[in-house]
Amino acid sequence: AGGALDYIEENKNGVFFEEQTVESVTNGLRKFNKTKFDAKKVSQIANKFSEANFKINFENFIKDKYDEKF
């Protein structure tokens, strides 16, 4: 839940677990340990949240809002 849903893609750069219980987290860790992640895909997903992309997205957001007002 929360921010993890923004940056975790199931079986591409992580795994989810159903509940915040020892059993559920343990099952999630077992699944994680069995999953082979492609380092290139993990890096591409993480790059969406890089400082450079944040600046670009923030500037575009401001420009869009500015254009709406004027």
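Phe54, Phe58, Phe61 and Ile62 together make a nonpolar surface patch of about 430 Å². The structure described here is a predicted model.

## Salt bridges across the chain

Side chains of opposite charge can pair when their charged atoms come close. In the whole structure, a search finds four salt bridges. One of the salt bridges joins the side chains of Lys48 and Glu9, with a distance of 3.0 Å from N to O. This pair links distant parts of the chain, the two residues being 39 residues apart. Lys48 lies in the loop between α3 (39–47) and α4, whereas Glu9 lies in the loop between α1 (4–7) and α2 (22–34). Lys48 is partly exposed, at 47% relative accessibility. Glu9 is also partly exposed, with a relative accessibility of 25%.

A salt bridge is also formed by Lys31 and Glu10, whose closest N and O atoms are 2.7 Å apart. Here, too, distant parts of the chain are linked: Lys31 belongs to helix α2, Glu10 to the loop between α1 and α2, and 21 residues separate them. The relative accessible area of Lys31 is 36%, which makes this residue partly exposed. Glu10, at 28% relative accessibility, is likewise counted as partly exposed.

Glu51 is exposed, with a relative accessibility of 58%. Lys55 is partly exposed, with a value of 46%; the class of partly exposed residues lies between the cut-offs of under 20% for buried and over 50% for exposed.

## A network with shared partners

Salt bridges that share partners join Glu9, Lys12 and Lys48 into one network. Among its members are the two residues of the pair described above, Lys48 and Glu9, whose side chains meet at 3.0 Å.

Methods
Residues numbered from 1 in each chain as written. Predicted model: local features only at pLDDT ≥ 70, side-chain atom pairs only at ≥ 80, totals over all residues. Heavy atoms only, no water. Patch = residues over 30% accessible without salt bridge, like charges linked within 9 Å, V, L, I, M, F, W, Y side chains within 5 Å. Areas by Shrake-Rupley, 256 points an atom, 1.4 Å probe, with all protein chains shown as cover. Helix = DSSP H or I, 4+ residues; strand = E, 2+ residues; numbered from the N terminus. Buried < 20%, exposed > 50% of the residue type's maximum accessible area, 1.4 Å probe, protein only.
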